[in-house]
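Hi,

Here is the structure I said I'd send over. Have a look at it first, and then read on for what turned up.

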Amino acid sequence: VRAADTEETGKPFRMRVEQPDAQTLPDQKERKKEFNTEMDIQALLKQLNELTGMQSVKTEINNMINLCKIRQENGLQTPPVTNHMVFLGNPGTGKTTVARILAKIYHGLGVLSKGHLVEVDRSGLVAGYMGQTSEKVTEVIEKAKGGILFIDEAYELSSHGSTNDFGQEAIDTLLKSMEDNRDDFVVIVAG
C-alpha cells in the first residue's frame with residue numbers, strides 16, 4: 001500500500017500499483033486516434049482532482065499520466081508497467097468513481113482500446129458448481145477486455161474457506177488472464 005489519505009470524514013483510502021517485468025504497446029497510437037487526447041485527459045484530470053481527499057491516489061495517477069506523456073512526446077516505448085491496482089478504503093470513499101475516470105484516462109493515453117468499466121462482486125464471478133466458476137470469470141473478462149474490470153469487495157473471493165467454495169478458482173482464472181492480457185486489460189480490486 002503506497003499511502004493513506006484521510007478524507008474529511010476521517011476514512012482512509014489507499015492505493016497500490018503493481019509493477020511488472022515488461023510491457024510494450026505497439027498499437028498505442030492506433031488507440032489514441034479515437035480520443036481527443038489532450039483536451040479530454042485534461043478534463044478527466046480536472047474531474048479527478050476535484051474529488052475530495054484521496055491526495056495520494058490523485059498524485060499517483062497524475063505521475064503515471066505525466067510519465068506516459070513524456071515518453072510518448074519523446075518517441076520512447078511505453079515503460080514496463082502493469083496497470084492492475086488495489087484500492088483500499090471504506091464504502092463511499094470514491095473507489096468506483098476513481099476507477100471510472102481512470103478507465104477513460106487510460107483510453108485517452110492509448111493504454112486501453114475501449115476505456116469502459118465492468119463492475120462485479122463475488123456473485124458475478126463465483127458459481128455454485130465445479131467448473132462453472134472459471135467459465136463465469138472468463139465471460140466477465142471477455143466483457144472487460146479493452147477496459148477495466150473493477151472487483152468490489154474483492155476480499156470476499158477468498159474469505160469463505162469451505163471445500164465447496166470456488167472463490168480460489170475465480171482468483172486463479174483472474175490471475176492468469178491478468179498476465180496474459182495485460183496489454184489491453186486492467187483489473188482493479190477494491191475493498
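One cut-off before the rest: a residue counts as buried under 20% relative accessible area, as exposed over 50%, and as partly exposed in between. Glu 153 has a relative accessibility of 26%, so it is partly exposed. Please keep in mind that this is a predicted model.

Glu 153 sits in the loop that links β5 to α6 (167-180). Its phi is near 50°, which is a positive value in a residue that isn't glycine.

Now to the inside. The largest nonpolar core has 27 residues, and those touching the most other members are Ile 61, Phe 87, Ile 105, Tyr 106, Leu 109 and Ile 188. Two or more residues each come from α2, α3 (55-73), β3 (85-89), α4 (95-109), β5 (148-151) and β6 (186-190). The biggest contributor is α4, with 8 residues.

What does Ile 61 contact, if you leave aside its neighbours within four places in sequence? The list is Leu 48, Val 98, Leu 102 and Ile 105. A separate core of 18 residues lies apart from this one, and Val 140, Ala 154, Phe 166 and Leu 174 are among its members. As background, nonpolar side chains in soluble globular proteins tend to be buried together.

Last, Asp 40, which is in helix α2 (residues 37-49). With a relative accessible area of 31%, Asp 40 is partly exposed too.

Cheers

Technical notes. Residues are numbered from 1 along each chain as its sequence is written. This is a predicted model: local features need pLDDT of at least 70, side-chain atom pairs count only at pLDDT 80 or more; totals for chains, interfaces and linings use all residues. Side-chain values use heavy atoms; hydrogens and water are left out. Helices (H or I, at least four residues) and strands (E, at least two) are DSSP runs, numbered from the N terminus. Buried means under 20% relative accessible area, exposed over 50%, partly exposed in between (1.4 Å probe, protein chains only). A nonpolar core is a set of buried Ala, Val, Leu, Ile, Met, Phe, Trp, Tyr and Cys residues joined through side-chain atoms within 4.5 Å. Contact means heavy atoms within 4.5 Å.
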